[in-house]
Amino acid sequence: MDVAKSVLQLIAGLGALMIGMKMLSEGLERSAGKGMRKLFGKISNNRFAGIGVGALTTVLVNSSAATTVMVIGFVNAGLMTLFQATSIIMGANIGTTLTGIIVALSGFSISTFFAVLTFIGVAMTMFFHNDTVKKVGSAVAGLGLMFVGLGLMSDAVKNETIAGALQSVFETVDFPLLLILIGLVCTALFQSSAAMTALVVTMAAPTLVGGQAIGAPIIPMSSALFVILGTNIGTCVTAMIASLGASTNAKRTAVIHLLFNVIGTTLFTIFIWIFKDDMVWLLGKLSGNMQMQVALFHVIFNVVTTLVLVPFIKPLTRLASALVREKRGGDDEAPHMYFIDDRFLQTPPIAVAQVKREVDHMATMAKTNLKRAMIALLTQDLSEREKVERDENRINFINKGVTKYLIKLSSLSLTRVDEKFIGSLHHVVSDIERIADHAENFTENAEEMKAGDIKFTADAIDELEDMYDKVMAMFDEAMYIFENGDVSRLNGFAEREQEIDMTKRLLGNNHIARLNAGGCNVESGTHFYSAISALERIADHLTNIAFSIKSPSGSQREAMEKIADEQKRRSHERKHSGNSLIAPMPDAPTGGVDSESEEPEQTLEGGSSL
């Protein structure tokens, strides 16, 4: 019965450890989402900068696997080169060693105090209303829960029967390659090298003999080193799975991750096999605590492997390219998503930033199509008809893909700002898709006019060009407001929309006057009125997009009421606080980015926006 109880306790402890790591990871992601977006915005071809970005991102998400999967997503979207991805992966392997250090602290008497963080974190989430405090509290509770789990696991392996059985196993299985295989398989099953490292750290503690911790550890240090080497290869399984169905370069990224760890493991296996006693002696000098020795070895492995391989990043990318060859007969013309990827869903802040970029790109395609279509309507030049149809299909595809992606995003743990932004995007993508539909209608009208030899008068063309120019200026302004959350421009934008309404009425009256004077015929007039009506409706859709930063449905009235209420509230607060300084305007959602401190988006080398 005692043995069964200890086994259950070990399983429960492992479960508490893993859910604690998940809570810590999610809390850090939500707290540092803006920081992660900035980090990935500073990516360049500087290999050391890439290593720094990878290490810091892994610390923020508390998972090298999550960072690697993100990188695969960026490469798959064409936003990151293999060279950049390789340096980030190297940094991720260094960043993940922090978890091992935290786990190793359970071997000290202070671990009980860390476990109390569970209560402190829960209290922060329950009794504070500030979103930032709640997010930090969730991370703190997760950290504390990790130590609760480690405590349960430690108590479980103190059972003399279990300890003796495990010691016998590791005395029998002392062949290095077999130990590496154990670490590899267990890590692949857990989908977490941190969880397997925690198990090894727990078993590295001295066992109880006669109620005193004076016995040999369950796993000798010489064996623990090889198991840790195996965990570094096992963690690559997550990235390999994530690359399935991805682009060729994304698969190469996963192969580079595998090559990095296989090469490092091979070198260390040879070295430790020959100088095993010397390595154990060195670790003993670095720390008297055996659990910390395991964590320090994990640090040494990743740091040394990075130092050895960082000069060979380009050869690594060439080797990966040779192993994973380019597919023949690619389908570059087929509709596809450009920036979003399900792999980003593991890190919601990055996923929100990427879906915003996808919507921005969708709007750019719609604007380009509108320009092509208007030229066709005015000149009856149908040479770009196929491009309009091609991009219309792409826009429809992106519209459906973004809508599905938003539904997935809505079910994740998001900040309040991101939740509002995601809600507004459902309407924004619909408005963009409808704008693109009008572009297709313009080309159809152009075909009908050409087939019927119908032409606009010079005055009609001038009027259409003038109205079109105003609408395109609104297009640029709407997207600027949407991308930057610039509430101050909404009043001016509303005036532009009213100007378009007046222009439509004016041009309609002018058309009737020309018709009565015999300056144009009924057939051309029908297409003229259809064009100005479409341009007016496009302006309405653009207005919805601009006002979506304050109203999820894009309602001008709702947005203006919210702005007025916020101004009254701030004025009231200033009067009662006696503060003469004018408080800044509350931030509007801008793709999950709190604009109060967000820096302008950076650009990857090669011109790709990230």
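Reader: In which loop is Asp-453 found?

Author: Please bear in mind that this is a predicted model. Asp-453 sits in the loop that joins α20 (416-451) to α21 (458-484).

Reader: Is Asp-453 buried or exposed?

Author: A relative accessible area over 50% counts as exposed. Asp-453 has a value of 60%, so Asp-453 is exposed.

Reader: Where does Gln-380 lie, and what is its phi?

Author: Gln-380 belongs to the loop between α18 (348-379) and α19 (385-410). Its phi is positive, about 60 degrees, and Gln-380 is not a glycine either. As for accessibility, Gln-380 has a relative accessible area of 10% and is therefore buried, the cut-off for that class being under 20%.

Reader: Which residue just after α22 takes a positive phi?

Author: That residue is Gly-518, with a phi of about 80 degrees.

Reader: How many residues does α22 have, and what span should they give?

Author: The helix α22 has 28 residues, which should span 40 Å at 1.5 Å a residue. The C-alpha atoms at its ends are 41 Å apart, so the two values agree.

Reader: Which residues of α22 are buried?

Author: Among them are Leu-490, Phe-493, Ala-494, Ile-500 and Leu-507. The buried set also includes Glu-497 and Asp-501, as well as His-511 and Arg-514.

Reader: Which residues line the second largest cavity, and how are they divided by class?

Author: The lining consists of Phe-456, Thr-457, Ala-460, His-511, Arg-514, Cys-520, Ser-524, Gly-525 and Phe-528. By class, 4 of the lining residues are nonpolar, 4 are polar and 1 is charged.

Reader: Over the face of which residue does Arg-514 lie?

Author: Arg-514 lies over the face of Phe-528, 5.2 Å from the ring centre. Both Arg-514 and Phe-528 are listed in the lining of the second largest cavity.

Reader: How many aromatic pairs does a search of the whole structure find?

Author: A pair of aromatic rings is described by the distance of the centres and the angle of the planes. The search of the whole structure finds 7 aromatic pairs. One of the pairs is formed by Phe-268 and Phe-301, with 5.1 Å from centre to centre and 65 degrees between the planes, an edge-to-face arrangement. This pair links distant parts of the chain, since Phe-268 is in helix α15 (residues 248-286) and Phe-301, 33 residues apart from it, is in helix α16 (residues 290-309).

Reader: Are Phe-268 and Phe-301 buried or exposed?

Author: Both Phe-268 and Phe-301 are buried. Together with Phe-297, they form one aromatic cluster.

Reader: How many residues separate Phe-260 and Leu-309 in sequence, and how far apart are they in space?

Author: Phe-260 and Leu-309 are 49 residues apart in sequence, and their C-alpha atoms are 7.7 Å apart. Phe-260 lies in helix α15, and at 1% relative accessibility Phe-260 counts as buried.

Reader: What are the corresponding values for Ile-532 and Leu-464?

Author: Ile-532 and Leu-464 are 68 residues apart in sequence and 7.1 Å apart in space, from C-alpha to C-alpha. Ile-532 has its place in helix α23 and counts as buried, at 0% relative accessibility.

Terms used
Residues are numbered from 1 along each chain as its sequence is written. This is a predicted model: local features need pLDDT of at least 70, side-chain atom pairs count only at pLDDT 80 or more; totals for chains, interfaces and linings use all residues. Side-chain values use heavy atoms; hydrogens and water are left out. On a 1 Å grid over the protein atoms alone, a cavity is a set of points where a 1.4 Å probe fits but cannot get out, and a pocket is an open set with protein on both sides within 12 Å along at least five of seven lines; lining residues have an atom within 4 Å of a point. Ala, Val, Leu, Ile, Met, Phe, Trp, Tyr, Cys and Pro count as nonpolar, Asp, Glu, Lys and Arg as charged, and the others, Gly among them, as polar. Rings of Phe, Tyr and Trp (its six-membered ring) pair if their centres lie within 6.5 Å; planes under 30 degrees apart count as stacked, over 60 as edge-to-face and the rest as tilted. Helices (H or I, at least four residues) and strands (E, at least two) are DSSP runs, numbered from the N terminus. Buried means under 20% relative accessible area, exposed over 50%, partly exposed in between (1.4 Å probe, protein chains only). A charge sits over a ring if NZ of Lys or CZ of Arg is within 6 Å of the ring centre and within 35 degrees of the ring normal. The expected span of a helix is 1.5 Å times one less than its number of residues.
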